Amino acid sequence: MQDKQTNTDVILKVEHLSKVFSSKKAHIRAVNDVSFTVAQGETVGIVGESGCGKTTLGRCIVRAYNATEGRILYRAGDGTEYDLQNIDKKSMQKIRKEVQMIFQDPYSSLDPRMTVFDIISEPLRANFKDMPKEQIEQNVKEMAVKVGLNPSYLKRYPHAFSGGQRQRIGIARALVLYPRLIVCDEAVSALDVSVQAQVVNLLKDLQKEMNLTYLFISHDLSVVEHISDKVGVMYLGKMVEYAPSDMLFAKPFHPYSEALLSAVPIADPKVSMQRIPLTGEIPNPANAPSGCFFHTRCKYCKEICKTQEVAFVEKENSHFVACHLRDEVSLQGIPMEE
Amino acid sequence: MQPTHTNKRGEEMGMDEKPSVLSVENLEISIKLEEGLLMPVRGVNFKLYENETLGLVGESGCGKSLTCKSILSINEKRCNTTGTIAFTDKNDTTLNLLDLKFNSKEIRDIRGNRISMIFQEPMSAFSPLFTVGYQMVESVYLHITRNKKQAKDLVLSSLRKVGIADPEKRYTQYPHEFSGGMLQRALIAMALLCNPRILIADEPTTALDVTIQAQILELLKQLQKDYGMSILYITHDLGTVAQMCDRVAVMYLGRVVETATVQDIFQNPVHPYTQGLIGSVHKIGGAKERLFSIEGNVPLAMNLEDRCSFYDRCIRKDTKICCNKEPQLTQVGDEHFAACYQPEIKARGGSQSAG
């Protein structure tokens, strides 16, 4: 872990990123002052309940949304660092080739009127306008084989494929430009367990082969634990904890992480769940609580939590947490077998 | 444990002392399509005992939802259903639900009353046009009482029981004013209004977050104790199965391929499909080795050859043994049945290496 932290290896650095959605009635801070770094070749998992802002965060990073505040520093393949929030059009075009996204729903993310070949080749045709046809064809075929699709299927339309195969098409489309950073937004959530295992294995193999960096957004904690090197936990737009995966799962420092981990059903009837109940519901993000956002549902809550805002600090080596009581309470994780 | 082979069908063996609430035998569902005859359910056998939770596990397209809907006969009319579904009520009268006429008074007396169901998407299970209270009280009027005051009180107490605060206010609210978890609670409250004998839960927590999921599962367990009902729990999520169920029936391509107690399913699975399913789930805290994955895809249930339906994807397939006939459920252990010609007990499905 340590050697990955050196500055040259950092591929993505998000600093105080916020995204506000405004309407006449309310301003919602979907992402609120989030900071973290991702090293080259790592998989960073982002977890949290629905509505916590994890998808918005991913979309800000690929610049599908324009963030309201903060910086997204990305180190390109040639070593120069760009602030994606503040970048000229030409450089952005270059970055688009390096940062790709895999979407959640393999049924709605593929155009039903395009053949699989058209779908996978579209990024090539858009980004390399003068690439010869034969070259495109060869690249697409190569990629199809890599993700486990039979190249003879390329002339078919998406409806002829099963969910797992469609997700492979989505992955091939993201990889055909040989990107460096991939944002996977719930990339395996819509798939059946056995197919999920196939796709997770595929993502891991491709990562090794192509030296990819993943930002893996998911609500499924067991998949995240399996695939990630580091994990960030989000609550109500804030990142409340960010740490190497095994540290976070074995010994969380934030009460929300503790409650979240305790709620994961474990596929072993011998282990009985010791759930730490969360009282109440997620507060309305348009009217967020004062002080620490989590204080309304936290069982450790003290006076300071209700009034004072909480900072995101490094409590231990590369283990960040946003909790006033980080030095006072001792929390429970999931016992590790290894 | 050495597997003992018998030729008798699993469900008929030695467990008949226990009173079963629901007994499904040779259930077959076929749908005529232009391309041919689709057989999504091909001879399903299982029994549900009193006060137990039976998990019906399988991937999408294995026929688990159709099986459950046929219990309440709410399948589409074009589904041709044969077999028996014997339902035994409290007063020991047994009824074959498939004998009842489509939408007859008899089946409507059972539906929502003796057997109720909760659905996957609470948001689409409620109509957005009516208040939650109005939709709940409907089933009380139908099955219990026409007295308005009594009916409302019954609904309110049911809402209170599933942990909904301020039920008077909730009674007059519309579904969009509820959060997903709250609405699922309301759906459960509605299913329990008539004190049913069987509750069918079709993936009740798939649409919910983990923290809410844990709450709902705990609630279901508690209510099962309070009401003394049997739960048929349908899911593809093995994590919740381990926490919820007493026994498990694993389905593949319209057939039950293995039934056992929940401990046996997870510790000594014998069918290669069950082993594969368990191996493909990562256990938090476990070793981070490569996930086991079952090769290939589920075939379409049309024009199937008369051989083991899992043959194409099986790691133990053997042309000589597996290609003759579809294997039947045979006993391999105590309360443990599998439909496989080469049942093999493996120490833990999760610890096998890459395939």
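Predicted model: local features only at pLDDT ≥ 70, side-chain atom pairs only at ≥ 80, totals over all residues.
I would like to begin just after helix 1 of chain A, where A:R63 takes a positive phi of about 65°; helices and strands here are DSSP runs numbered from the N terminus, a helix being H or I with at least four residues and a strand being E with at least two. Residues are numbered from 1 along each chain as its sequence is written, and chains are lettered from A, with ligands numbered from 1, in the order in which they are written.

Helix 1 of chain A itself, residues 54–61, is mostly covered, since eight of its eight residues are buried. By buried I mean that 20 or more other C-beta atoms, placed from the backbone, lie within 10 Å of the residue's own, whereas 12 or fewer make a residue exposed and anything in between makes it partly exposed. Among the buried residues of this helix are charged ones by name, including A:K54 and A:R59, with charged standing for Asp, Glu, Lys and Arg, nonpolar for Ala, Val, Leu, Ile, Met, Phe, Trp, Tyr, Cys and Pro, and polar for the others, Gly among them.

Staying in chain A, which residues of helix 3 are buried? In this helix, residues 116–127, they are A:V116, A:I119, A:I120, A:S121 and A:L124, and what covers them includes helix 4 (133–146) and helix 5 (163–175) of chain A. The axes of helix 3 and helix 4 of chain A come within 10 Å and cross at roughly 120°, where an axis is a line fitted to C-alpha atoms, for helices over the stretch in contact, and the angle runs from 0 to 180 degrees between N-to-C directions. The two helices are therefore oblique to each other, given that angles under 35 degrees count as roughly parallel, over 145 as roughly antiparallel, 65 to 115 as roughly perpendicular and the rest as oblique. Their crossing is right-handed, meaning that the near helix is turned clockwise from the far one by less than a right angle, anticlockwise being left-handed. The contact, for which C-beta atoms placed from the backbone must lie within 7 Å, is made by residues including A:F117 and A:R125 of helix 3 of chain A and A:I136 and A:M143 of helix 4 of chain A; by class it has seven nonpolar, two polar and one charged residues.

Chain B has a helix pair to set beside that one. The axes of helix 5 (residues 148–161) and helix 7 (residues 180–192) of chain B come within 9 Å and cross at roughly 130°, which makes helix 5 of chain B oblique to helix 7 of chain B, and this crossing is right-handed. Here the contact is made by B:S158, B:L159 and B:K161 of helix 5 and by B:A186, B:A189 and B:L192 of helix 7.

One of those residues, B:A186, returns in the largest nonpolar core, where, of 193 residues, A:A172, A:L215, B:A186 and B:L232 touch the most other members; such a core is a set of buried Ala, Val, Leu, Ile, Met, Phe, Trp, Tyr and Cys residues joined through C-beta atoms within 7 Å. The largest share of this core, nine residues, comes from helix 7 of chain B. Leaving aside residues up to four places away in sequence, B:L232 touches B:L48, B:L54, B:L56, B:C68, B:I198 and B:I200.

Turning to where the chains meet, the contact takes 36 residues from chain A and 34 residues from chain B. Helix 6 of chain A gives the most to the side of chain A that touches chain B, with six residues, and by class that side has 19 nonpolar, nine polar and eight charged residues.

Finally, some loop residues of chain B. Phi of B:D166 is near 55°, a positive value in a residue other than glycine, and B:D166 sits in the loop between helix 5 and helix 6 (167–171) of chain B. Is B:D166 buried or exposed? With 10 other C-beta atoms within 10 Å, B:D166 is exposed. B:E203, also not a glycine, has a positive phi of about 45°, but with 18 C-beta neighbours inside 10 Å it counts as partly exposed.

Conventions: Contact = placed C-beta atoms within 7 Å.
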